[in-house]
Amino acid sequence: MRQAKVSISIPTYNSAIFLKKCLEAIAQQSYANIEVNIVDGESHDGTVAIAREHGVKNIFTCKDALLSARFEGVWHSKGDFVLLLDSDQILNKSAIARAVQLCEKEDFDMLVLEEGVYNPQSFIERLFQQDRKLIHQVKDFSPFTGVVLPRFYRKSLLLKAMKNIPEETRKAVGGQDHAIIYFEAWNISQKVGFLPDAVLHIEPNSLKTIWKKFYRWGGTSVGARYGKYDEMLNKKERFRTGLFKKGLMRESLASILLLILKGVPYKLGYYRAKLSTK
């Protein structure tokens, strides 16, 4: 029986500090039929060299925003399934094998991957960890109210979804890339599954790093706030659904504080970028 092929698409830009761990985890996967596509935004910190050192042959360049890099990675993929991975994410050894098995057994078109935080030591990292616990227990899969977003897709669905994203949006949007992709995929299929214990995310570990990341995300989200995505994004920028339910008191408090810490730099970055486009 033919084994399904999985393409792992990773956009990078000055990702040297994380990429080695990400690629090492891919190399250790229990599933064999995998290809890796790196879509680089002209890094100047040795990112591409690290990719080559770890055996990545498919390296492409994309000068546009993150959403466009996602599109390029999928467009060049040869797999039956595509995993939209980030360079700061570390896969569980069995994640790909379990994802393929779950999609084939249950006929899912896309999977939400349960995320944990890699080595949470600082107060900020522990806030992210508690927030993850909340959203994964609530499991709100609505693209309007939920914040869990699929990363593992059937390629056929992903291509259809991405073709429905306007070209000007693809070229301009960074921080809302997954939300937009999922919105378009959801409009085609609601066959969404959940894969537990799938990936660890290297999250910001200080106020400085959280400010820097989400200020940048806000600035790259301006292009998403026009047309058909505006209503969806407005609904998502609220406190999590399921707060204080199921006994999730500590997780809920952490989630509220984290949203404030992320939201302030995000909004500042957004409004600064918006003013600069006028």
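Two residues are in contact when heavy atoms of theirs lie within 4.5 Å of each other. With that in hand, take Ile8: leaving out residues up to four places away in sequence, Ile8 touches Ile26, Ile34, Glu35, Val36, Asn37, Leu83, Leu85, Leu91 and Ile96.

Before going on, a word on what you're looking at. This is a predicted model, where local features need pLDDT of at least 70 and side-chain atom pairs count only at pLDDT 80 or more, while totals for chains, interfaces and linings use all residues. Residues are numbered from 1 along each chain as its sequence is written, and side-chain values use heavy atoms, with hydrogens and water left out.

**The whole chain**

The chain has 11 helices and eight strands. Here helices (H or I, at least four residues) and strands (E, at least two) are DSSP runs, numbered from the N terminus. The radius of gyration is 18 Å, close to the 19 Å from the globule rule for 278 residues, so the chain is as compact as a globular protein of that length. (That radius is taken over C-alpha atoms, and the rule is 2.2 Å times the number of residues to the power 0.38.) Along the principal axes, the C-alpha atoms fill a box of roughly 50 × 45 × 40 Å.

How much of the chain is buried? Buried residues make up 52% of the 278. Buried means under 20% relative accessible area, exposed means over 50%, and partly exposed is in between (1.4 Å probe, protein chains only). As for contacts between residues at least 6 apart in sequence, 80% of them join residues at least 24 apart.

In soluble globular proteins, nonpolar side chains tend to be buried together. A nonpolar core is a set of buried Ala, Val, Leu, Ile, Met, Phe, Trp, Tyr and Cys residues joined through side-chain atoms within 4.5 Å. The largest one here has 33 residues, and Ile8 is among those that touch the most other members, along with Ile10, Ile26, Leu85, Leu91, Ile96 and Phe152. Elements that each supply at least two residues of this core include strand E1 (6-12), helix H1 (16-27) and helix H4 (95-106). Which element gives the largest share of this core? That's H4, with six residues. There is also a second, separate core of 29 residues, including Phe141, Leu158, Tyr182 and Phe183.

Met232 sits in helix H10 (residues 230-236), and Ile180 in helix H8 (residues 177-186). Again skipping residues up to four places away, Met232 touches Pro143, Phe144, Ala179, Ile180 and Phe183. Ile180, for its part, touches Leu67, Ile165, Thr169, Val173, Ala224, Tyr229 and Met232.

Is Glu42 buried or partly exposed? Glu42 is partly exposed, with a relative accessible area of 45%. This residue lies in the loop between E2 and H2. Apart from neighbours within four places in sequence, Glu42 is in contact with Tyr13, Thr61 and Lys63.

| Pair | Apart in sequence | Apart in space, C-alpha to C-alpha |
|---|---|---|
| Met232 and Ile90 | 142 residues | 29 Å |
| Ile180 and Pro143 | 37 residues | 8.7 Å |
| Glu42 and Asn14 | 28 residues | 8.1 Å |
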